[in-house]
Amino acid sequence: KFFNFVLDDMHGEIIREQDKAYLVIHDHEQPKRMFTYATFLILVHGLMCWLVDQRIGLNIIMVRCAKPQDIQDYLVRFGEDIQF
């Protein structure tokens with residue numbers, strides 16, 4: 001709810017299906033820059049890992065934005081499986 005308040009044009013939702021969980025980011029306007037989605041993901045994922053006191057692995061990231069020219073930092077941070 002905090003992120004929904006601070007970031008008024010986007011919010012997250014966690015959906016659980018059997019043994020998997022999905023973090024869905026809803027934005028109200030046009031797709032944001034990858035930096036925006038990555039910042040949101042870093043904050044939420046970091047909080048979730050801290051709350052359970054262990055690293056939660058990410059299987060795949062799918063974003064609506066165009067692929068940035070330099071994605072090396074995102075690949076290091078989130079893994080190789082990022083779909084634009």
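The structure is a predicted model, in which local features need pLDDT of at least 70 and side-chain atom pairs count only at pLDDT 80 or more, while totals for chains, interfaces and linings use all residues. Residues are numbered from 1 along each chain as its sequence is written, and side-chain values use heavy atoms, with hydrogens and water left out.

**The nonpolar core**

- A nonpolar core is a set of buried Ala, Val, Leu, Ile, Met, Phe, Trp, Tyr and Cys residues joined through side-chain atoms within 4.5 Å, where buried means under 20% relative accessible area, exposed over 50% and partly exposed in between (1.4 Å probe, protein chains only).
- The largest such core has 15 residues, of which Met34, Ile61, Val63, Tyr74, Phe78 and Ile82 touch the most other members.
- Both α2 (34-52) and α3 (72-78) supply at least two residues of this core, and the largest share, six residues, comes from α2; helices here are DSSP runs (H or I, at least four residues), as are strands (E, at least two), numbered from the N terminus.

**Helix α2**

- The buried residues of α2 are Met34, Tyr37, Ala38, Phe40, Leu41, Val44, His45 and Cys49.
- Seen down the axis of α2, these buried residues fall within an arc of 160°, so they line one face of the helix, the arc being that of the directions from the helix axis to the C-beta atoms.
- The face turned away from the buried side of α2 carries the exposed residues Trp50 and Leu51.
- After α2 comes Asp53, whose phi is positive, near 60°.

**Met10**

- Met10 lies in strand β1 (residues 10-17) and, at 2% relative accessibility, counts as buried.
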